[in-house]
Amino acid sequence: MTTPRTPAEIGGMGHSVKRKEDPRFLRGQGTYVDDIVLPDMLYLDIVRSPYAHAAITNIDTSKALAIPGVVAVITGKDLAAYNLHWMPTLMSDTQMVLPVDKVMYQAQEVAAVLATEQYIAADGADAVEIDYDPLPVVVDPKKALLPDAPVLRTDKPGKKDNHIWHWEWGDRAATEQAFRDAEVTVKQDIYIPRIHVSSIETCGCVARFDKVKGKLTVWMTTQAPHAIRTVFALVAGHVGLAEHKIQIISPDIGGGFGGKVPVYPGYVIAVAASVLTGKPVKWIEERMENIQADSFARDYHMTAELAGKKDGRMTALRIKTIADHGYTDAAANPSKFPAGLFHICTGSYDLKAAHVEVDGVYTNKPPGGIAYRCSFRVTEAVHAIERMTDLMAHEIGMDSAEFRMKNFIKPEQFPYKSALGWEYDSGDYAAALRKAMDNLGYEELRQEQAEKRKRGELMGIGISSFTEIVGAGPSKHFDILGLKMFDSAEIRIHPTGKAIARFGTKSQGQGHETTYAQIVAEELGIPVDDIAVEEGDTDTAPYGLGTYASRSTPTAGAAGAIAARKIKDKAKKIAAYLLEAHEDDLEWEPGKFFVKGSPDRAKTIQEISLAAYTNHPQGMEAGLEAVSYYDPPNLTYPFGSYICVVDIDKGTGEVKVRRFMAVDDCGNIINPMIVEGQIHGGLTMGLGPALYEEIQYDDSGNILQGSFMNYLLPTAVETPNWETDKTCTPSPHHPLGAKGVGESATVGAPAAIVNAVVDALWHLGVRHIDIPITPPKVWKLLRDNGVTE
Ligand code: CDP
């Protein structure tokens, strides 16, 4: 075993540079957790493990406690006294809050120092002395499954291996038969590495326990405040924290992207510290703590196979996957689907048979498997099918656009039941691809490519015609820890016709304040400026499962429309009473009811609102408000066709994205500018993993990309000029015909980029490249295949 590097070497756990001194990202106006300062507040700093797997033999807190201003050092043993040293994950696994006897990954929380000032807490953390006895480290999930691999979860009685779960879906026999009948098959190992969401704001909280009221208020960076409140009540009920005494407030949070769904130990320690001391406690992660210890996404080792006919028809797909979850399964997938929605992997194609198998595995890494801007595992699914589609098209020598056109599910086949059991609501895949091709001048680009190839230049064109699956989800299939995945809206119209609308979701920058107000305004004819939108406070917002996986528009957006329609129904009754007309004789135009044929006999929504409190019909309840808990009948299936054009520098191996055309379809659009922004941001978050981002570990479990010095996020300099367009195929079951869109571009973009690079290199014998496609990887492939310059 090699010796772990020092904190300074791994660049993350030294406390010398504090967050306040870090160069800060520009951020918008608002109240972030880090802005909250309460009287008498204590600060928490966390001591983290330099080892990826080690027994803790001693923790000496004396030097830390001797520092003036250090109030306490909290260890796993302290929490164990209250049975708070372990907590459940959202996947019903268990995760340490603080370890009692061993650490499971580098940067894991080992102890927490509480002090009167942030810098004193940091000094205290540096002064805690911990002795470790290193244990064998397992970083490769394939090796973790070998019979002689050390068993990592020794806390689980009877556990004899590192296997978490096996999950499979589809018709195995029919798929095997289709493969036997195939005229052509392609097979490819595809690895999608660990990546990190790296949201602008790190995680943190301020926990305040009011001893007099017995009430806990936690301002925290969470995408799902209500679910967190319930989890806190379940975990800490035995120490007196009942759900009605817990208030979770998610203020402005600078991006979430799935990374702010899990409960991290720092939140729990801060809560415990506040309950114990009776003082407010603040915990804010440093940037490098965030990147090294918080949950990761992807880490999927897939072996995909596609069967087809020589004429270019795809017939069957099978995929086997090993999913590296780190030391605990702390993903946030719907309970029924431990591999998320990976079985959307037949994509946009009319495949008759498919079968997928996924095995979750423990390794000595931080928890993984979060849905990074992704409906659970849809990015992995799209990557697999779009790579395999391209592979087969190239294999049989058919243009990859023509191959896709031949295999697309046709518009008349919707609603379409996929081989893996999903019912796609609507789509016109050929229209989106045709539009992208026309916008780009696809045929001319192919000619240009042929000419360049003759001259020895490397140019590639890659397509990704993805289908998404968002809006989790219908309660008969979707729950997290048993909580059904509906979402909610509550609208109250005040006497003067102004409104407040509250939702169970939580915006992290995607503009719900604007679009939800638009939905209510559109339904009720109230000006958008007269509608206040609120989310994120469990004391006021109706219960909902939060925002991730592009679910807000399909669920809470729908709830907003339904609640508004309930209000409109009541408003109509009041209008009929005021106009002395029969309800059936009234017509609606935005903002008012009028008597059919007599447009002058009208009552505006503002007049009706006033009447609801001052002059409502006898026998009717006063007031004008409604709530909707919307249980979607189906998911929504947005889609798109992306085409990427790349040029490759033979000398350096650098891939240059020359053009990128993204045609998206998210059904009816509520706000085109916001959707455009979602797609631009999403494309950049697809470019990053395709070309730059990857978290790796050495054999000792040392993280190799633990800071922004070597975890490369694309900046404006690397980002190409995105070209966007749209088609519109409304969802037939959503009240507004809308589908989600927030993650489409992140999901769809990487495969288009990889397909373009492989297309540029296919004639040299290159069949596949795992992301990120870095210059050294391409340079080596070129040299291996005899290309020099
Ligand atoms: O759950 P999340 O808000 O991340 O995703 P979403 O429902 O796809 O919405 C992202 C943003 O785009 C929200 O502000 C939506 O209201 C807006 N949107 C829209 O204007 N039209 C659509 N058809 C879908 C989303």
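In which handedness of crossing does α17 pass α18? The model examined here is a predicted one, and the crossing of α17 over α18 in it is right-handed.

The geometry of this helix pair can be described further. Two packed helices are characterised by the angle their axes make and by the distance between those axes. Helix α17 spans residues 672–691 and helix α18 spans residues 744–761; they pack at an angle of about 45°, and their axes lie 7 Å apart. Because angles from 65 to 115 degrees count as roughly perpendicular and those under 35 as roughly parallel, α17 is oblique to α18. On the α17 side, the contact is made by I679, G682, L683, M685, G686, L687, A690 and L691. On the α18 side, A745, T746, A749, P750 and I753 take part. Sorted by class, the residues in the contact of α17 with α18 comprise 10 nonpolar and 3 polar ones, with no charged residues.

These two helices belong to a protein with 19 helices and 32 strands. Its radius of gyration is 28 Å, close to the 28 Å that the globule rule gives for 789 residues, so the protein is as compact as a globular protein of that length. Along the principal axes, the C-alpha atoms fill a box of roughly 85 × 75 × 50 Å.

Attention now turns to the sheets. Strands of a sheet pair through backbone hydrogen bonds, in either a parallel or an antiparallel manner.

Another open sheet has 3 strands in the order β6-β2-β8, and its pairing is antiparallel. Its edge strands, β6 (102–103) and β8 (129–134), each pair on one side only. Strand β2 (residues 54–60) joins β8 in the antiparallel sense over 6 bridges, and D60 stands opposite E129 in β8.

How values were computed: Residues are numbered from 1 along each chain as its sequence is written. This is a predicted model: local features need pLDDT of at least 70, side-chain atom pairs count only at pLDDT 80 or more; totals for chains, interfaces and linings use all residues. Side-chain values use heavy atoms; hydrogens and water are left out. Axes are lines fitted to C-alpha atoms, for helices over the stretch in contact, and angles run from 0 to 180 degrees between N-to-C directions. Helices (H or I, at least four residues) and strands (E, at least two) are DSSP runs, numbered from the N terminus. Angles under 35 degrees count as roughly parallel, over 145 as roughly antiparallel, 65 to 115 as roughly perpendicular and the rest as oblique. A crossing is left-handed if the near helix is turned anticlockwise from the far one by less than a right angle, and right-handed if clockwise. Contact means heavy atoms within 4.5 Å. Ala, Val, Leu, Ile, Met, Phe, Trp, Tyr, Cys and Pro count as nonpolar, Asp, Glu, Lys and Arg as charged, and the others, Gly among them, as polar. The radius of gyration is taken over C-alpha atoms; the globule rule is 2.2 Å times the number of residues to the power 0.38. Two strands pair if DSSP finds at least two bridges between them.
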